[in-house]
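Work through the exercises below with the model open. Each task is followed by a stepwise solution.

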Amino acid sequence: MSERMRALLLLNGVALIALAVLIGWVWFFALLGRIVLWPLPIDIEVSIPNDARGWRMAHMEGITQGLMLMALGLAGRFMALSKKQFTWFFWSALVTAWLFTVPAAFNAVFGTRGLAFGGGPFKPGLANDIIYLFGWPPVLAVHIMLALALLGLWRHMKISRHQA
């Protein structure tokens, strides 16, 4: 994997961690029903949807996906893939990470789950259906990413064994 790809995976990982922190602040203010940061003279009443399950999910997705991208960026030197395979790996990792995280935040805002078109047993509506459709690219991408990671690591291990 090129140094640029590795650095971009790390950068996107850190960006997702930063997004998780921002989501954590929004969740915090949703729980309080106000923006208050004592001892600062800030006390603003807010009306943020307070779906604790949704905010927790969005917050943890950002952390988990960010750490995954950072790990993949660091592990990239231990993968033996072609340039084309690394390109597929890179883009599938980004699609997986961002499109599992951002829709989770929208689920928290809209009180949806995005798990089934039409809502299934959960709240139906246009927001749910759009979030559901945005879930398909990362569902496909995560499988491509994992298959290529396993292939690349397997090849690297085979090469390393013959060099030892």
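**Exercise 1.** How do the residues of the lining of the largest pocket divide into nonpolar, polar and charged?

*Solution.* The model is predicted: local features need pLDDT of at least 70, side-chain atom pairs count only at pLDDT 80 or more, and totals for chains, interfaces and linings use all residues. Residues are numbered from 1 along each chain as its sequence is written, and side-chain values use heavy atoms, without hydrogens and water.

Step 1. Count the lining: 18 residues, with Phe100, Asn107, Arg113, Gly114 and Leu115 nearest the pocket centre.
Step 2. Sort them: eleven are nonpolar, four polar and three charged. Here Ala, Val, Leu, Ile, Met, Phe, Trp, Tyr, Cys and Pro count as nonpolar, Asp, Glu, Lys and Arg as charged, and the others, Gly among them, as polar.
Step 3. Assign the source: helix 4 gives the most, six residues.

**Exercise 2.** Which residues of helix 4 are buried?

*Solution.* 
Step 1. Apply the cut-off: buried means under 20% relative accessible area with a 1.4 Å probe, protein chains only. The buried residues are Asn128, Asp129, Ile131, Gly135, Pro138, Ala141, Val142, Met145, Leu148, Ala149 and Gly152.
Step 2. Find the cover: it includes helix 2 (52–75) and helix 3 (83–110).

**Exercise 3.** Leaving aside neighbours within four places in sequence, what is methionine 79 in contact with?

*Solution.* 
Step 1. Set the limit: contact means heavy atoms within 4.5 Å.
Step 2. List the partners: Leu72, Phe86, Phe89, Ala149, Gly152, Leu153 and His156.

Key: Buried < 20%, exposed > 50% of the residue type's maximum accessible area, 1.4 Å probe, protein only. Helix = DSSP H or I, 4+ residues; strand = E, 2+ residues; numbered from the N terminus. 1 Å grid on protein atoms, 1.4 Å probe; cavity = no way out; pocket = protein on both sides within 12 Å on 5 of 7 lines; lining within 4 Å.
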